[in-house]
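Biologist: Hi! I have the structure open and would like to talk it through with you. Can we start?

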Amino acid sequence: ATAKESGVAEALKDVVELVGNQGAEQRVALERLREAEEKGRSEQRESLARLEQRMEALESGLGAVGSRGDGVEEVIGFLRDNQLNEAGVVARISAALNETIGEKVEKLLVRELEVKVVPVVAKSLETLKESLMVSVTERLTSTNEAIKTAIDKFIRSKSTLETLTKSISDVVSEVISASFRETLRTVV
């Protein structure tokens, strides 16, 4: 039973190690995804900064023209609206990336658990089940033997035999006495 228990303990250690390794792999993958996302955000910020510089240059160039004040204001308004739209696009892309990354990590984690962890846990539980069955069977067998021995000792004890003998003699003596009386009445 000790070898089986150590086998179960070893299997459980393997499960814990496998889960730890999977967690470490998932953390590394998640960190890489975060780094890629941050790099993308950094590039977007740089792009927005360049766009702002272009708009400022365009504003100053259009301001110098000055002949069509209303038209310049419309162009500047249009460019600012585009900048706001671009910021919204960046926010939507970022939200979509977060959602997609989260879903993919979750699916990957579930798949890894199903493929790697569940079979190891099932095997460990099966080993534990077998060990418990052997242990319970051994204990039931020893308990059964102890009960048989105790009953045998009880039946063979002097006090039990005396009590049984007295009970049997009381019953038999009444029956024999009644039979003799009946026989004597019919004969006489």
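Biologist: Let's start with Ser-124: is Ser-124 buried or exposed?
Modeller: Ser-124 is buried, since its relative accessible area is 3%, below the 20% cut-off for that label. This is a predicted model, by the way.

Biologist: Which helix does Ser-124 lie in?
Modeller: Ser-124 belongs to helix α2.

Biologist: And which residues is Ser-124 in contact with, leaving aside neighbours within four places in sequence?
Modeller: Ser-124 is in contact with Ala-11, Leu-12 and Val-15, once those neighbours are left aside.

Biologist: Nice. Now Gln-22, where is that found?
Modeller: Gln-22 is found in helix α1. With a relative accessible area of 6%, Gln-22 is buried.

Biologist: What does Gln-22 touch, not counting residues up to four places away?
Modeller: Gln-22 touches Glu-112 and Lys-116. Gln-22 and Lys-116 are 94 residues apart along the chain, and their C-alpha atoms are separated by 9.0 Å.

Biologist: What do the side chains of Glu-112 and Lys-116 do with each other?
Modeller: They meet in a salt bridge, with 3.4 Å from N to O. Glu-112 and Lys-116 are four residues apart in helix α2, which spans residues 69-156, so about one helical turn separates them.

Biologist: Is Glu-112 buried or exposed?
Modeller: Glu-112 counts as buried, at 13% relative accessibility. Lys-116 is partly exposed, with a relative accessible area of 34%.

Biologist: Which residues are linked with that pair in a network?
Modeller: Arg-111 is linked with Glu-112 and Lys-116 in a network of salt bridges.

Biologist: How many salt bridges does the count come to?
Modeller: The count comes to five salt bridges. One of them pairs Asp-152 with Arg-156, where the closest N and O atoms are 2.8 Å apart.

Biologist: How are Asp-152 and Arg-156 placed in helix α2?
Modeller: They are four residues apart in helix α2, so about one helical turn lies between them. Asp-152 is partly exposed at 36% relative accessibility, while Arg-156 is exposed with a relative accessible area of 61%.

Biologist: What about Asp-170, which residue does it form a salt bridge with?
Modeller: Asp-170 forms a salt bridge with Lys-166, and the closest N and O atoms there are 3.4 Å apart. Both residues lie in helix α3, residues 158-187, with four residues or about one turn of the helix between their positions.

Biologist: And how accessible are Asp-170 and Lys-166?
Modeller: Asp-170 is partly exposed, at a relative accessible area of 36%. Lys-166 counts as exposed, at 53% relative accessibility.

Biologist: Changing topic: which residues form the nonpolar patch on the surface?
Modeller: The patch is formed by Leu-161, Leu-164, Ile-168, Val-171, Val-172, Val-175, Ile-176 and Phe-180, with about 740 Å² of accessible area together. Leu-161 is found in helix α3 and is partly exposed at 43% relative accessibility.

Biologist: Last topic: where is confidence lowest and where is it highest?
Modeller: Confidence is lowest in helix α1, residues 2-65, with a mean of 72, and highest in α3, at 86. The protein chain averages a pLDDT of 76, and 76% of the residues score at least 70.

Conventions. Residues numbered from 1 in each chain as written. Predicted model: local features only at pLDDT ≥ 70, side-chain atom pairs only at ≥ 80, totals over all residues. Heavy atoms only, no water. Salt bridge = Lys/Arg side-chain N within 4 Å of Asp/Glu carboxyl O. Helix = DSSP H or I, 4+ residues; strand = E, 2+ residues; numbered from the N terminus. Buried < 20%, exposed > 50% of the residue type's maximum accessible area, 1.4 Å probe, protein only. pLDDT = per-residue confidence, 0-100. Patch = residues over 30% accessible without salt bridge, like charges linked within 9 Å, V, L, I, M, F, W, Y side chains within 5 Å. Areas by Shrake-Rupley, 256 points an atom, 1.4 Å probe, with all protein chains shown as cover. Contact = heavy atoms within 4.5 Å.
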